[in-house]
Amino acid sequence: MNSSYYQIHAQTFFDGTVNVDMSSLHETFTSRLPAHAKVLDAGCGSGRDAFAFTQMGYQVEAFDASPELVTLAREHTCLPVEQMTFAEVDAKDVYDGIWCCASLLHVPFVQLPGVMQKLAAALKRKGVWYFSFKYGDSEREKDGRSFTDINEERLATLLQDLSDLEIAEQWITQDVRPDRDEMWLNVILIRR
């Protein structure tokens, strides 16, 4: 369902997200990273954040499930953005930081624990993982895309089997796009 949406609307999605100012979230994430950290932008969409992290001097790898967005992200970032899904992540102890900005929200809730275990395994010890979900407690479809919303209770459920991760910070923000009024749950985890 989501893949056909992004196949049809890739350019519109790119245009609507690539220039959104995410600097405050970037700063919260990167303030916990070592210099020249290896960062994975998982579900990179337009490549906006991968590009920003590259400009900050980080070693960045990125992927997205949509072939159309991968093409646009490659052009924007000049990085070898891979086409893959979260389920295909098989790295172990590789990244100092993982960035999942508004990307895990397309994974059905029942599949999130497995996906999160794969991503957690890719993170180095003391690594930093940022992710965000639209705030809520349901799964829904909107405009041809499926969404999993997360609140504090659902987050606790997701993390109960990830004992080597601890919440360093969590906070709620308003969507930064001018035409949106959604609230977002932002989370930073640290791998012990």
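I began just after helix 3, where Gly57 takes a positive phi of about 95°; helices (H or I, at least four residues) and strands (E, at least two) are DSSP runs, numbered from the N terminus. I am working on a predicted model, in which local features need pLDDT of at least 70 and side-chain atom pairs count only at pLDDT 80 or more, while totals for chains, interfaces and linings use all residues. Residues are numbered from 1 along each chain as its sequence is written, and side-chain values use heavy atoms, with hydrogens and water left out.

**Helix 2 against helix 3**

I looked up how helix 2 (residues 23-30) and helix 3 (residues 48-55) are placed, and found that their axes come within 11 Å and cross at roughly 55°. That makes helix 2 oblique to helix 3, a term for whatever remains once angles under 35 degrees are called roughly parallel, over 145 roughly antiparallel and 65 to 115 roughly perpendicular. The axes are lines fitted to C-alpha atoms, for helices over the stretch in contact, and the angles run from 0 to 180 degrees between N-to-C directions.

I then listed the residues in contact (heavy atoms within 4.5 Å): His26, Phe29 and Thr30 in helix 2 meet Asp49, Ala52 and Phe53 in helix 3. By class, this contact has three nonpolar, two polar and one charged residues; Ala, Val, Leu, Ile, Met, Phe, Trp, Tyr, Cys and Pro count as nonpolar, Asp, Glu, Lys and Arg as charged, and the others, Gly among them, as polar. In helix 3 I noted Arg48, Asp49, Ala50, Ala52 and Phe53 as buried, meaning under 20% relative accessible area, with exposed over 50% and partly exposed in between (1.4 Å probe, protein chains only).

**The loop between helix 4 and strand 3**

I next checked Pro80, in the loop between helix 4 (67-77) and strand 3 (82-83), which counts as exposed at 68% relative accessibility. Leaving aside its neighbours within four places in sequence, Pro80 is in contact with Ala62 and Arg74, whereas the C-alpha atoms of Pro80 and His26 are separated by 21 Å.

Cys78 lies in the loop between helix 4 and strand 3 and has a positive phi of about 60°, although it is not a glycine; at 71% relative accessibility, Cys78 counts as exposed.

**Strand 5**

I found Lys126 in strand 5 (residues 123-134), with a positive phi of about 70° although it is not a glycine, and I noted Lys126 as exposed, with a relative accessible area of 69%.
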